[in-house]
Amino acid sequence: MRIAIVHGYYLHDSGSGVYVRELAHELVRQGHEVTLVCQERSPELYDFIDEASELRDDNRELRPLGLIRPPLHEGRGRLVRPHLSRLLVYVEGPFPGFERDRVTAFHHSSPEWLEEYAQANIQALRTAFAAWPPDVVLANHAMMQPYIVRQALGGAAPYVATVHGSELNFSVKNDPRLVPYTLEGLEAAAAVVTVSADSGQDVVAWARREGLEIGSRTHTVTPGVDMRTFSPAPDRESALSALRRDVPLPEGYRPAPEDRIIAYAGRLMWTKGIQHAVAALPLIAARFSADSSRVHLFVAGEGPAQAPLERLAALLRVGDQEAALALAASEIELQTLPDFGPVVS
């Protein structure tokens, strides 16, 4: 089958990016022909991508990027990178290939930027679909990709919209201008896929409030786990040996059998709740170990909360509860939802 996957961003820096990457990998492994449309800057890193192209300034002409290699799997994979003068995102931050002032959150964008972004991507997809007509298209995020796919396809093939969550919670719910784009994209989707039951309930309820009923077309397909990568160690010592061998650890620290280790991997921003784990670490250490130095929280990730989290951890480490409380109350990246209770009390 010829499958196009439309993802507006990269293959390594977010949960949705990893989702798209692993989905494309598995589809190619199973023998499908996959055209992956995204902004990835290093396609050579992924063995399921056999060739890569970019689009020129008007998105009407494809130009090879020089990556052509024999396929390693049953199917074929290609990457197509649209040309965008500005990247619109759900959460602002640095993105490879774009100057910082050319990256803007959807809800901070002017109407002209929104339309420019949509039209550039629509033309890019029309060019890609003309070169490699798809049997089905998988459009990631509720907004803006399903709208763009619908406009580009013109009914030539069915498409499925995958909702990841950030697009609704950070963008659409904060800006009524984005609602029509989202509704139009979801309205014509053959199906709507969510990655969790909670996400499914959220998007169905939101769409219903906006006058669109998608409940019968919405399905939860939870991401799988690659057991070749995530396989339980046979025992604790084997796990600790792998940790010492494979993970860069703080200078002078070597995990011991008696250590209690908590690990977090993900983007560092307040909506992930990592601030609660950092603030709770002294309490966890006091409860589970007579020696608090034997309890560790490993954090793998980056994002706008990194510096505030480091300051919070430093204050808690020296027992300055008053300063930690003031920091948590004043720092936007340490905020939390009311139902979760205070970060520091």
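Ground rules, quickly. Residues are numbered from 1 along each chain as its sequence is written. The model is predicted, so local features need pLDDT of at least 70, side-chain atom pairs count only at pLDDT 80 or more, totals for chains, interfaces and linings use all residues, and side-chain values use heavy atoms, without hydrogens or water.

Salt bridges now. The structure has 17 of them, each a side-chain nitrogen of Lys or Arg within 4 Å of a carboxyl oxygen of Asp or Glu.

Take Asp259 and Arg294. Their side chains meet at 2.4 Å, N to O. Asp259 sits in the loop between H7 and E12, and Arg294 in the loop between H8 and E13, so the bridge ties together parts 35 residues apart in sequence. Helices (H or I, at least four residues) and strands (E, at least two) are DSSP runs, numbered from the N terminus. Asp259 is buried, at 2% relative accessible area. Arg294 is partly exposed, at 22%. Buried is under 20%, exposed over 50%, partly exposed in between, with a 1.4 Å probe and protein chains only.

Next, Arg2 and Asp135: 3.0 Å, N to O. Arg2 is in strand E1, Asp135 in the loop between H2 and E8, 133 residues apart.

There is also a network: Glu33, Glu51 and Arg78.

Last, the largest cavity. Which helix gives the largest share of its lining? H2, with 3 residues. Helix H3 supplies at least two. Lining residues closest to the centre include Val6, His7 and Pro82.

Technical notes:
1 Å grid on protein atoms, 1.4 Å probe; cavity = no way out; pocket = protein on both sides within 12 Å on 5 of 7 lines; lining within 4 Å.
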